[in-house]
Amino acid sequence: MTWEYLGYIASVFLVISLMMSNVIKLRWFNLTGCVCFTIYGVMISAWPVAFTNGLLALVNIYHLYKLHRAH
């Protein structure tokens, strides 16, 4: 597998996440895409991609935690 495929998979997850009307599903799909993009960025040494998506993954985790506590 080339790492490029992981980038495409990450993109698919992000696009799907933006089509969700349920915020919890949106966060989970977006988190999955961010984690994939973080791994992709590390593997191809694209540090801005890895750093930004790593931070976005943490933001998604934070919001999922808040949503879980609210229910």
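Predicted model: local features only at pLDDT ≥ 70, side-chain atom pairs only at ≥ 80, totals over all residues.
**The patch**

Who's in it? Helix 2 gives the most, with 4 residues. Val-35, for one, is found in helix 2.

**How the helices pack**

Helix 2 also turns up in both of the packing pairs below, once with helix 1 and once with helix 3.

| Pair | Residues | Packing angle | Axis separation |
|---|---|---|---|
| Helix 1 and helix 2 | 3-18 and 23-43 | about 160° | 8 Å |
| Helix 2 and helix 3 | 23-43 and 47-70 | about 155° | 8 Å |

Let's take helix 1 with helix 2. They pack at an angle of about 160°, so helix 1 is roughly antiparallel to helix 2, given that the cut-off for that label is over 145 degrees. The crossing of these two helices is left-handed.

Now for helix 2 with helix 3. Their angle is about 155°, which means helix 2 runs roughly antiparallel to helix 3. Helix 2 passes helix 3 in a left-handed crossing. What sort of residues does the contact of helix 2 with helix 3 have, by class? There are 17 nonpolar, 7 polar and 1 charged residues in that contact.

Methods: Residues numbered from 1 in each chain as written. Heavy atoms only, no water. Axes fitted to C-alpha atoms, helices over the stretch in contact; angles between N-to-C directions. Parallel < 35°, antiparallel > 145°, perpendicular 65-115°, else oblique. Left-handed = near helix turned anticlockwise from the far one by under 90°. Nonpolar A, V, L, I, M, F, W, Y, C, P; charged D, E, K, R; others polar.
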